[in-house]
Amino acid sequence: MQAHQRMLDPTPNGLHSGESPLLQTLGLTKRYGDFLANDSIDIDIWPKEIHALLGENGAGKSTLVKAIYGLIQPSAGEIRWQGARIVLSGPSEARSRGIGMVFQHFSLFDNLTVAENVALGLDGRESFKDMSARLEQVSKTYGLPLDPKREVWQLSVGERQRIEIVRALMQDPKFLILDEPTAVLTPQEADQLFIVLERLKAEGRAILYISHKLEEVKRLCDTATILRGGKKVETCNPRLETAASLARMMVGGEIKEVKAPAGRQTTVPRLVVNDLSLAPSEAHGVRLEHISFELKGGEILGIAGVAGNGQDELFAALSGERLSRDPGTVVIEGIAAGHLSITQRRKLGAAFVPEERLGHGTAPRMRLSENALLTGHAASGMVRRGFIDTAATLKTVDRATETFDVRKAKRDPEAASLSGGNLQKFIVGREILRNPAVLVVSQPTWGVDAGAAAVIRQALLDLATAGAAVLVTSQDLDELAEIADRIAVMFHGRLSAPLATSEATREKLGLLMGGSSLEPKEAAHAVGA
Amino acid sequence: MQLVLEKRAERSNTIALVSPLIAIGLTIVTMTILFAILGKNPLLALHAYFVAPLTDSYSLQEIAVKATPLVMIAIGLSLCYLANAWNIGAEGQFLIGAVAGSWIAVKTQGTDAGAWVLPAMLVLAAAAGALYALIPAICKVKFGASEILTSLMLVYVADLFLDYLVRGPWRDPHGFNFPTTAEFDPVATVPLLIEGGRLHLGSIIALLVVAAAAILLGRTIKGFEIRVVGAAPRAARFGGFNANQLIILTFAVSGALAGLAGIIEVAGPVGHLQPGISPGYGFTAIIVAFLGRLNPLGILIAGLFLALTFIGGEQAQIAMKIPLDVTKVFQGILLFYVLACDSLILYRFKLVFPNRQVARGTG
Ligand SMILES: Nc1ncnc2c1ncn2[C@@H]1O[C@H](COP(=O)(O)OP(=O)(O)OP(=O)(O)O)[C@@H](O)[C@H]1O
Ligand SMILES: [Mg+2]
């Protein structure tokens, strides 16, 4: 058996001959009905290694790490830990053996302090005081500064992730799994994370790192295992590959370039925001102040900015999830809509894609057809005299599946069973297929693989070419540079004047994102307004 | 060693189906122990509860008669619960419906009023039940008052109001001072389905309500709205559905159904208005709704099952002198187990051995 493994899975750099891997999966298989989410995967993780796990959306990455962490039971195959076979009954057993995991979506309570959140996630029975002391010590040791007494709502996304990492480190894991940790981080926050990961590696720990950002994988990782359609296709040294060659292995072909179709013309204003100010609806929200912009048909406006500067509040005000007193603050297709509900705004031709896929953009426990109905009931002929036309809802699912290559185990699964990127493709598809006049979309390619991201960006460009007005909020400046005509920056609830994309250099955007203004004169003017 | 509840990664659909059966099994085990403690032969008691009522036609009809209000009320409650609106006061809405409908019966008594009387009673009872349920719903939406508390409090208000009426203004002058109205006229009485039997038109109405709820939840946009608002409130708001409107709507519908059940009970099996017309139908229906998994067909089955416990309880009292209150104990234990077993759909039990040693071993 031992010899057999070696042959199956030659270590790429030949460094490890003689020792045994820290963790090994052998023929690990996870089946959902007839669908193989993981098909006989062999993977070796060695100590002192940062191991990347790459693959398209739905390739089976999260499924594999969930099995290793004991969250799901494999259908076949085995997991070996330090050479011995283990069967994990659940995450607490994985943790007690020294396997830690940081999930992409945080599980923190906003109104509790950092220390309380950490205490809730630990299995041990040490006193709260001891635990707080250890928390402070661990966070100091690793250069992950955290104030145990702050409440979570006051923290940035990067700081929240720090809590999750410190919580995992307090269990002193020999092996740490991170599922798309940088998807939500600013570049600076990501850099800080990499320093910590290098240090953990130097201490002899192993790390399994899932990411769609190939440049960062090349920089950080020693080994990469690539999954495609649930199967392992390759184990390689990412430093010897290019981002393009890694992407080719992931998709098994070339990735399409996003092309801005020629001859895009701007037409009439389709979305106008006039001096929109709105008090926050929740205690921890941001106040929107004097936001104005005009978006014409055929145009894509990008909104950049660090998360938590009012982007969510702006989305709610534009979509009609929050109404404003003055109808004239939001004008859709020439009609004052500030006081109209989200359904009425959809009837005017607007469509919306929120940032959070599960629980906001979709009801997780409902089928895709029901989620098509969720936003389609107002204007897409899915409802006749109060009765649901199931065939029409299914048709939307099929069309979105086909147009955007949504990969799923069956025709009409629950939304929660789709992989993150595939659900995103479905949501974007659902809205674009309605041919909206105005599309407001937040983080369109969060956690979406390179190939699918290209498909989504292309769709947004095509929609604008067809005459729609598109508003894209994104933290990814490269994405905005690729598709937007103009870019504005959100800071502390205010929106800067948009810059033409050609003039929006990283330096200028960086200044605006940090709250400085480009010219002192403009600032004076803005205050006067 | 420690027993912990751990979240399942995947929702267990098998457990979702068998959890009511597990709950019933556990309840029966507990009841067996309870009967033994009461000094009764558990086997005979269980036989009296669950088997004897199924063996003669009178009891079978009586089960359907008892199931009628339970099912009608539980269907309304299930709409509320699906939409995350917690109506606990169906008992009060049941009583108010009975009172409002009886008002027409009392006022037309002895006159030559025609066939309009019964339909008018049904409509008025439903309207009164709905209005009564709207009180907690509006307090919830306007002032944020807990609908659980307010709807429950209003049960006692309704109970005392009924008591006042039958002891005061509506008391039958020839009733030897019993607190009851006179027997309703034939035009104010729910017709029987079998001459000389117990089964009445109300059971047909209950079946229609079940069918209507199944269509509402499965086929219409309103039903979808109810399910989304409960299952994913934020997504529902994004879908353009208004949770507050739904609280109002589902409370009104469940109040109307409870009120309708109330007048059908009074104008049917009871025949006149008096205190104690309900052995706690409005509360037992909460158990029916959950045991039936908030699903119309499930509620129909669960309603028949709980009706069986009412009849069985009466038989056990007659045959073995087991106190009637044991039926309430039974129903309470059942609800407890139903809710407990439901958590197994999303969680599982696990034995954990303390192994901090391993966790901190090296590194
Ligand atoms: N509970 C489930 N039931 C049915 N199918 C599932 C379930 N969980 C996952 N799948 C399917 O398994 C496949 C792999 O999903 P997984 O979440 O592992 O993908 P991933 O590689 O992490 O993708 P992403 O990059 O989008 O996060 C997907 O096609 C998904 O639809
Ligand atoms: Mg994933």
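Start in chain A with β12, β11, β14 and β15: these four strands form an open sheet in that order, with antiparallel pairing. Strands here are DSSP runs of E with at least two residues, helices are runs of H or I with at least four, and both are numbered from the N terminus; two strands pair if DSSP finds at least two bridges between them. This is a predicted model, in which local features need pLDDT of at least 70 and side-chain atom pairs count only at pLDDT 80 or more, while totals for chains, interfaces and linings use all residues. Residues are numbered from 1 along each chain as its sequence is written, chains are lettered from A and ligands numbered from 1 in the order written, and side-chain values use heavy atoms, without hydrogens and water.

Colour β12 (288-296) and β15 (335-336) of chain A: they are the edge strands, each pairing on one side only. Next select β11 (residues 269-278) of chain A, which is joined to β12(A) by six bridges in the antiparallel sense. At A:L278, look across to its bridge partner in β12(A), A:L288. Then show helix α10 (residues 311-319) of chain A, which lies across β11, β12 and β14 (330-332) of chain A at about 60 degrees to β12(A). Such angles run from 0 to 180 degrees between N-to-C directions, on axes fitted to C-alpha atoms, for helices over the stretch in contact; contact means heavy atoms within 4.5 Å.

Select β7 (residues 175-179) and β8 (residues 206-210) of chain A, which run parallel and share five bridges; A:F175 stands opposite A:A206.

Finally, show both chains. Which residues meet in a salt bridge? Select B:R227 and A:E370, whose side chains come to 2.8 Å, N to O. The rule (a side-chain nitrogen of Lys or Arg within 4 Å of a carboxyl oxygen of Asp or Glu) finds one salt bridge across the interface of chain B and chain A. The contact takes 31 residues from chain B and 46 residues from chain A.
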